Amino acid sequence: MDKVLRDKLMTVSVATLATALFKRGLRNQVIQGVHPVRAKGVNMVGPAYTLRYIPAREDRNQLSEFRNPQHPQRVAVETCPAGHVLVMDSRKDPRAASAGDILVTRLMVRGVAGVVTDGGFRDAATIGTLDIPAYHTRPSSPTNLTLHEALDLNVPIGCGDVAVFPGDILVGDDDCVIVIPQAIAGEVADEAVEMTAYEDFVVEKVKAGTPVIGLYPRTQDHFVAEFEAWRRRENR
């Protein structure tokens, strides 16, 4: 992933990105029901590498499956490229885990940028202490084989009611995760950086007692000069 693009997306919120995408007609890009296992205070940014689960069938999903070196869940952990985000389609079903702390630790060691599921993680308390952003619905102790069969790698999936295509750019903050179509990621990042600068100016003005009408959104011209002076002063 381009470092300049990554650096820009590290500085903006999911909320701001959602507004930038909304301006482009994209209303359904925030992954629903998914939250940080533990807030990290720093963004997760990376291209999507996907894993799709289907409902488990008992004759295909015994514990012996984990002995198979080609088991898709294990292969995903070992092949997700460094700097990417492993995104799992668990059909919004957290009754069985999508992964646990050992696999997430392996992703961390391999340099993966983050891990997202619309299901749950087992060993969530431990995952929360790892130096890798992780997002899920809730903790879930049963192994994935209980209800999920890992099937496809790096194919289009649905995660939390959002379409995720391999290479789409994922950004997560301490609230949630958003999916940015790869083709427009650069322009969305540029706009979000500009929006963030103005929003930071607005927060400062509001804290000083300025009413929001005319300020946010900016409809009064005198705020243009004030904002530009603020940018010069703050080197923004």
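K92 is partly exposed, because its relative accessible area is 46% (partly exposed sits between buried, under 20%, and exposed, over 50%, with a 1.4 Å probe and protein chains only). K92 belongs to the loop between strand 3 (85-89) and strand 4 (97-99); helices (H or I, at least four residues) and strands (E, at least two) are DSSP runs numbered from the N terminus.

A word on the ground rules: this is a predicted model, in which local features need pLDDT of at least 70 and side-chain atom pairs count only at pLDDT 80 or more, while totals for chains, interfaces and linings use all residues. Residues are numbered from 1 along each chain as its sequence is written, and side-chain values use heavy atoms, with hydrogens and water left out.

Overall, the chain has 7 helices and 13 strands, and its C-alpha trace spans about 70 × 30 × 30 Å along the principal axes. Of the 236 residues, 46% are buried.

Now for D118, found in the loop between strand 5 (114-117) and strand 6 (120-121). What is the nearest side chain of opposite charge to D118? That would be K92, 6.9 Å away, and the buried D118 has no salt bridge (a side-chain nitrogen of Lys or Arg within 4 Å of a carboxyl oxygen of Asp or Glu; Lys and Arg count as positive, Asp and Glu as negative, with His and the chain ends not counted). Polar atoms of the D118 side chain do lie 2.7 Å from the backbone nitrogen of S90 and 3.4 Å from that of R91. Leaving aside neighbours within four places in sequence, the contacts of D118 (heavy atoms within 4.5 Å) include V34, M88, T137 and C159.

Next, some backbone geometry. Most residues other than glycine have a negative phi, and most peptide bonds are trans.

| Residue | Phi | Relative accessibility |
|---|---|---|
| K92 | near 55° | 46% |
| N235 | about 55° | 71% |

N235 sits in the segment after helix 7. There is also a cis peptide bond between Y216 and P217, with omega about 0°. P217 is in the loop between helix 6 and helix 7.

I213 counts as exposed because its relative accessibility is 74%.

Note on methods. A polar contact is a pair of N or O atoms within 3.5 Å; within protein, one must be able to donate a hydrogen and the other to accept it, and residues adjacent in sequence count only if both atoms are side-chain atoms.
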